Amino acid sequence: MNAATAVTLSRRIEDAEDVKRLIIEKLKYAVGKDPEHSVRQDWSAALILAVRDQLVDHWMASTRRAYEQDQKRVYYLSMEFLIGRLLKDTIINLGLEAPVREALTELGADYDEILRSEPDAALGNGGLGRLAACFLDSMSTLGIPAHGYGIRYENGLFRQSIHDGWQAEEPEDWLVTGHNWEFERPEVIYNIPFGGEVITTPEGKAVWHPAEVMLAAAYDTPIAGWRGRHVNTLRLWAGKPAKRVDLDRFNRGEYLSAMEAAVRAETVSRILYPDDTTEEGKNLRLRQEFFFTSASLQDLLRRYLSSHDDISKLPEKVAIQLNDTHPAIAVAELMRLLVDTHGLSMEVAFQLTRETLSYTNHTLMPEALERWSLQLFGSVLPRHLDIIRWIDEQHLRTAAAAKRTLDLERVRIVDHTNGQGVRMGHLAFVGSHRVNGVSALHADLMKQTVFQDLDSLYPSRILGVTNGVTPRRWLHSCNKPLSDLLIETIGEDWIGDLEAIEAVAPYAEDAAFRERFRAAKHENKCRLVAEIQSRVGIHVSPDAMFDVQIKRMHEYKRQLLNIMEAVAQYFAIRNDPAADWTPRVKIFGGKAAPGYEMAKLIIKLINDVARAVNSDPVIGDRLKIVFLPNYNVSTAERIIPAADLSEQISTAGMEASGTGNMKLALNGALTIGTLDGANVEICDRVGRENIHIFGLTAEDVANYRISGYDSRAVIDGNETLKTVLDAIGSGVFSPEDPNRFRAIVDRLSYDDYFFVTADFAAYLDEQRKVDRAFMDKEDWTRRTILNTARVGWFSADRAIRDYAREIWNVETPSAKEINQGGE
Ligand code: 26V
């Protein structure tokens, strides 16, 4: 062993020659291909393997440092990591873009084509999963020793295609072509028990006899931050059977049932849940959550105990962040491991658990706050149900002792009222020392709504940590024209310290700079024009305003409001084509959960309206509507740099934060939005005059929910709204099926839960202001520059510093230290 570690191995890249040599070596000896006969996929594999090698030394050094200095470690537990492609960002982080490009050109391969051939790892649904990926980048950048823990889904989020305007779903098997970034760790394997019963011994000790045990197997992906100095690990778990075949059954000739347990074990990491609405998947979902949480906790305890012998010091060396309620079972599982395996008392175990765990909430929507029926929970995790009941008892005692009058039923973790079930949000809250919302407004609303009682019992446990995005991916890598301009103008400190981007603000007053800022935007728009042409066959002009709404399809996000405005505008243009219209391209992208009929119908409506508008010769370039299929991280990277206008129009109080809003503003788009989520803070920072705010506030919405809201009266009082809804409802856009959109119009007329009709007039007014503002090119550019300059605070690095300081108690280097280098 020692002799082996003494051998010096170096694969470091200094120039293009090194890259060439390494790629050819990988092609031959790892991929097994002769360069002459290699196809794009082989080149891609060889390049990834060569780049991955560059990470390994830093990766090992990072691990060694954490051990030697006995640093506190952070574990980020998340059901979702929406990492997208890794190749380009890793190359850029390592500063290797120039030599790699040169080497590939000399080898006769196309660098950009190779980048595009990497599968987009969609191990997440949307904002929550992408946030986890941005946080991994930032934790590496800040040199925090951290692990991301999640599930290695064989099928990530479904692939969306559009047929005749309708969404169709196909499975996404991103692993089929091999995931060249990962290292399989066959030796890192844990038992995951399920079911069975708990028997109390005569000594009073509870012993769990599970009905079934499966295995969790580790796969590691190295994650480099800016400049690649520190490398962390994303460890994803795959389900494996404890034994491949049941030999007894096999020998009896029962071949299929001999494989049954194996299939069940592998199913646990087969597929990412695309929504929170399916009932039949509940059992599998609960198993997934326990599976990855248990494996992760066993793994981190093993790591801790490999260099510490006092388990009671765990919270000093370990911080575990629960990304939403999905890993909330960690509260009971950590207790179980501490008590059943490590022999601690319940009291001590609970204290350690609480000091170690913290919980981030990402939505106030009650349906997303998980709750398991007692029957299901008890049958899958009987020991955990006992532990949760014990925690609940302690917690109720605290509640009973509190001076306030509380409805005890409402604060219980185990709900005994008619619904009966385990409230996972409550469990996560009670078992954590800190609970955070993801924007200032969201944290306030948590205190006023779903967690009101718990907040009064445990005051100052709730805090807000406003989300952020990584400037590496979401500006430097995805928007080269703008990044180059910024570097030339203010240097490159902003890449590792986004708040330094503020230095570009004074240039908003410089006409020559504005010209160049516009030119960068124009270049990005031209690239998107070509993509739109080639993917959906629609020709759009790069001189039109690119108005972008990209996010999951959901009624609360109100894509419907946006398309209704398009209909109103369509009619207005038809009525007076000669007027001075501001040309616009409305671009939509987003997936609807397969079982979410209303969201799918809205996609169809967007496409039906697009068909009518885009083919109407009277309209021409004044209005075009584009729905880009299969929105994912990679398409976001191409759309965002090209956007002029960012649609952030959720019903106030419903979007916890939003992160697309930050990416778009950073790339020089102006926002049209409600005072919801992080829009509120974006408005504070860019200035009220540099954002287009409209509509009801969260308070207005809350008041309407109490007093009642009459959408019929609003519709009757607004001629434009009436015309739009009549047209949609009577089949103007669906002559082949005139009743197609009846359900949408009925919903708005009788039960407009998301206040689309209430905000319609204000939205149209604000859109017309946007039109006028866009016509004044110089002033528009000035405002977009101020957006880019003033949103530096929304960096994921800043968010991670907040977590490190307020929640994890972990030190981070100053921005200056990051930019000056050093370890
Ligand atoms: C819940 C469930 C329940 C079971 C099935 C799968 C599933 C998937 C997602 C969810 C809840 C997702 C909550 C979420 O994504 N929240 C978003 O988090 C972003 C990051 O904090 C934030 O910017 C968005 O505003 C918020 O909607």
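Colleague: How much accessible surface does the chain have, and what share of it belongs to carbon and sulfur atoms?

Modeller: Keep in mind that this is a predicted model. The accessible surface of the chain comes to about 31,600 Å², and carbon and sulfur atoms hold 51% of that.

Colleague: What percentage of the residues is buried?

Modeller: Buried residues are 61% of the 823 in the chain. Sequence separation is worth a look too: of the contacts with a separation of 6 or more, 76% are between residues 24 or more positions apart.

Colleague: And the charges: how far apart are the mean positions of the positive and negative ones?

Modeller: Just take the mean position of each set and compare them. Here there are 97 positive and 120 negative charges, and their mean positions are 1 Å apart.

Colleague: Let's go to secondary structure. How many helices and strands are there?

Modeller: The chain has 37 helices and 24 strands.

Colleague: Pick a strand and show me how to read its faces.

Modeller: Here's the general idea: side chains in a regular strand alternate between the two faces of the sheet. Now try strand E1, residues 73-77, where five of five residues are buried. Arg73, Tyr75 and Leu77 sit on one side, with Val74 and Tyr76 on the other, and both faces are covered.

Colleague: Which strands does E1 pair with?

Modeller: One is E12 (residues 318-323), joined to E1 in parallel by five bridges; there, Tyr75 stands opposite Ile320. Another is E4 (residues 146-151), also parallel, with four bridges to E1. On that side, Val74 faces Ala146.

Colleague: What is the strand order in the open sheet of six strands?

Modeller: Read across, the order is E21-E20-E19-E22-E23-E24, with parallel pairing. E21 (623-627) and E24 (692-693) are at the edges, each with a single partner strand, so one side of each has no neighbour in the sheet.

Colleague: How many bridges link E19 and E20?

Modeller: Six, in the parallel sense, between E19 (residues 545-550) and E20 (residues 584-589). To find your place in that pairing, look for Phe546, which stands opposite Val585 in E20.

Methods. Residues numbered from 1 in each chain as written. Predicted model: local features only at pLDDT ≥ 70, side-chain atom pairs only at ≥ 80, totals over all residues. Heavy atoms only, no water. Helix = DSSP H or I, 4+ residues; strand = E, 2+ residues; numbered from the N terminus. Buried < 20%, exposed > 50% of the residue type's maximum accessible area, 1.4 Å probe, protein only. Contact = heavy atoms within 4.5 Å. Areas by Shrake-Rupley, 256 points an atom, 1.4 Å probe, with all protein chains shown as cover. Lys, Arg positive; Asp, Glu negative; His and termini not counted. Charge placed at Lys NZ, Arg CZ, Asp CG, Glu CD. Pairing = 2+ DSSP bridges.
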